[in-house]
Amino acid sequence: EHYNHFTKTFPQAKFQDVTAWYESLRLVKSGEEIQRMERAGLINGLAYEEIVCATKPGARHSDLSKIAEAAVTRLGGKMPFPGHVGSTPMANPGRSYPDFYPTHKTVSAGDVVQTETSAGYGGYFTKIWGTYFVGEPTKEYRDLFELAALVHDTAIKELKPGMIGREAKKYVEPIKKAGYTTRAPLVMGWSTYNQPPSVGALDGSPGMFLERKEYLDFVFKPGQCVDILAWPTTPDMKKGLWLGSTCVFTRDGLKELPSAPVSKLRIVRV
């Protein structure tokens, strides 16, 4: 609408598309911007902790989402969308993605719970993709969680500035070797909503969120903020889980911003 208004109002003027330049400019954060990212991460981590602590058999997904929203607001932050919450029985799973708009469905003993929360401060946002269990996880789900934790933690440990996007693909290979697929790239930009890069997809995966081919030669630099998401699922997406967090590239490597320890196995006792 703005574009149409200005081109009609000033028909003799020449307009230049600067979107790519602007996106590139804001990818590298200043120290002040990273401080806001860190504060957003703290807020998000505390909100996620309140969701986990409030989870028990009979708790409604919608109520857990509202708890996260209330926590973020109380702590001076902002959520760009409702917290996603969903659960499914480990014995007969039917999903590997939470409710985008949480319903009044309730949590039960023996469920695996998935959440996706985003909290921001001063216009800068972090994300947490969390998975935890209501009661002891089955061996299959424990193995699946350990697989996701391995992929998530290894990527954070080994990704360095100067590496390029296509080098991220090797970190999702353990998912393929274990007989699973994944529906999203391992590395995705997120700090002022979606932004570059989007890389680290599993070859042959029927991605829900596709790897952007133009980012395969994207160079990671200090000050860039990205999300690391490990999301192993079965091809039909009826079984799976995810672990993800927002990180910042430093001069030495990739640093996880303050948030919930997503790769730590969490069990709600029943």
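Leaving aside neighbours within four places in sequence, Thr 126 is in contact with Met 37, Ala 40, Gly 41, Asn 44, Thr 117, Ser 118, Ala 119, Trp 190, Thr 246 and Leu 257, where contact means heavy atoms within 4.5 Å. The model is predicted, so local features need pLDDT of at least 70 and side-chain atom pairs count only at pLDDT 80 or more, while totals for chains, interfaces and linings use all residues. Residues are numbered from 1 along each chain as its sequence is written, and side-chain values use heavy atoms, with hydrogens and water left out.

Thr 126 belongs to strand β3; strands (E, at least two residues) and helices (H or I, at least four) are DSSP runs numbered from the N terminus.

An α-helix has 3.6 residues a turn, so residues three or four places apart point the same way. Helix α3 (residues 31-54) has 24 residues and spans 35 Å from its first C-alpha to its last, close to the 34 Å expected; the expected span is 1.5 Å times one less than the number of residues.

A pocket is found on a 1 Å grid over the protein atoms alone, as an open set of points where a 1.4 Å probe fits, with protein on both sides within 12 Å along at least five of seven lines; lining residues have an atom within 4 Å of a point. The volume of the largest pocket is about 460 Å³, taken as the space filled by probe spheres set on the points, which are joined across faces, edges and corners. Its lining has 23 residues, and Lys 127, Met 188, Trp 190, Asn 194 and Phe 209 lie nearest the centre. Two or more lining residues come from each of β3 (124-134), β5 (187-190), β6 (194-199) and β7 (225-230), and β6 gives the most, five.

Lys 127 also forms a salt bridge with Glu 116, the closest N and O atoms being 2.6 Å apart; a salt bridge is a side-chain nitrogen of Lys or Arg within 4 Å of a carboxyl oxygen of Asp or Glu. This pair links strand β3 to Glu 116 in strand β2 (residues 111-121), 11 residues apart. Both Lys 127 and Glu 116 are buried.

The structure holds 16 salt bridges. Another of them joins the side chains of Lys 169 and Glu 211 (3.1 Å, N to O). Lys 169 lies in the loop between α5 and α6 and Glu 211 in the loop between β6 and β7, so the bridge ties together parts that are 42 residues apart in sequence. Lys 169 counts as buried at 17% relative accessibility, and Glu 211 is buried at 9%. Shared partners join Lys 169, Asp 203, Glu 211 and Lys 213 into one network of salt bridges.

The second largest pocket has a volume of about 260 Å³. Helix α2 (residues 19-27) gives the largest share of its lining, four residues.

Conventions: Buried < 20%, exposed > 50% of the residue type's maximum accessible area, 1.4 Å probe, protein only.
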